Amino acid sequence: MLAKAKQNSMHLYLLCIISLFSISTSVNGQEKKVLRKQDFSEEIKDYKRSSLLLFMLENQKAEHIDAIKSTFLQQKIPKKFNPHTTNLPPFIVSDSTIKDKTKHISEQLKELGVARQIVAKWFNRNSKGVFNLDLVKQRGLYNASDFDVQIAKQTLRGSAMLEDAGKHLIGNTFIIVNDYKYTNKENVAKTVKLVAKVGSLLKGKGGETALTDNLADTFGKGYFIQTTSYLFRLKWDQKAANYFFGTLWVDENNYDKERVTDFDKTDFFTLEYVGQQNALADVFSTKYTKKTEEELISRATIKASNSAISKLERKFEVFRTKTPLISIEPIAAKIGTKEGLKKGDRFEVLEQILLEDGTIEYKSVAEITVDKNNIWDNSYLPEEVPKSDSAHSIFKGNAKKLYPGMLIRFKKNLNIFK
């Protein structure tokens, strides 16, 4: 009985290894179906998304740290990502004396076992240490019953589906660690006043000093926020998959207590450092503003975080997400200033092709450009009144071959000086 269980386990292991990283030559030449408008739901929401997990550097000596943490905990991950929540604490201890933040964050993520916890989440590990493929099926948009049948029979189609999941889902799991730095505008205003007074005294123009004082007082309530966002990616390659399926995989039919213990202790899985990006959020407020200091901090934290994510997408191609077109008359998508949309931005349009084996290919078929006069200003917060009536941005381009449901992905900004 035990020998048969071991044999079944090995069959699953071999299937997963082959399927996650090998594209069988027998798949070539298979039937293809271009997904058209009728293949999408009314909301056009079904497409494979990257997964995202957020952390924050916590400096207990930082000003208003409680308000910052509270806002961070309430933050929602943008809908263009799948939130990859774990049981890990979202804060990484830090302080102002640390010079190499990248090294410090990498060490802390390793100590917390973040990579291992991400893998556990992907394979739906339960309290007994048992894995399953339910989340892979769900996020991969596979037909659940068909998926199970194909995997159980160890078919080429099942292999292709798992290869698809490894390439487009597990390997596109990202971690962002945000480091927030707050500068009180009152301090900046005092500096402005001092510089202005010195300049005016040297020129003998007291009137200019009074004017500058008034402007500084009006300007001086609120915060400048700089967010440094550190981007990491789960390293999910053939070596990682070999190790996981070959020595750690446990399911309901093949329970192995030793493997469960080995997974809890392993530090084999790792995160790749992609890069970092600074983002500045200026929450403008005057001395007449009725917002509390805590509310200003909250607004600034959210806006800085959104800005950081959009800038990371522009900077690192591997992190760029897809967004569906909701219309072609005009060409429109639900992205705007919140996602960093700017005049001159160019997007490639991707056609989704469903292969016979159930996997999806993406083919670039067109290019569109943001209409500078129709950029959706969606930078407002939930409690604020929208700044525009529209709920989408409009693009220019040839719509002849386009249809709702096609995906667009940022390509390039025409204005290199922006």
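This is a predicted model: local features need pLDDT of at least 70, side-chain atom pairs count only at pLDDT 80 or more; totals for chains, interfaces and linings use all residues.

Modeller: Residues are numbered from 1 along each chain as its sequence is written, and side-chain values use heavy atoms, with hydrogens and water left out.

Biologist: Why is T173 called buried?

Modeller: Buried means under 20% relative accessible area, exposed over 50%, and partly exposed in between, with a 1.4 Å probe and protein chains only; T173 has a relative accessible area of 0%, and is therefore buried.

Biologist: What makes the pairing of the T173 and W122 side chains a polar contact?

Modeller: The term requires a pair of N or O atoms within 3.5 Å, where, within protein, one must be able to donate a hydrogen and the other to accept it, and residues adjacent in sequence count only if both atoms are side-chain atoms. The side chains of T173 and W122 are joined at 2.7 Å, and the T173 side chain also reaches the backbone oxygen of I170 at 2.9 Å.

Biologist: How do you know which residues in α10 and α11 meet?

Modeller: Contact means heavy atoms within 4.5 Å, and F244, F245, G246, T247 and L248 in α10 meet R259, D262 and F263 in α11.

Biologist: What describes the packing of α10 and α11?

Modeller: Two packed helices are described by the angle between their axes and the distance between the axes. Axes are lines fitted to C-alpha atoms, for helices over the stretch in contact, and angles run from 0 to 180 degrees between N-to-C directions; α10 and α11 pack at about 145 degrees, with axes 9 Å apart.

Note on methods. Helices (H or I, at least four residues) and strands (E, at least two) are DSSP runs, numbered from the N terminus.
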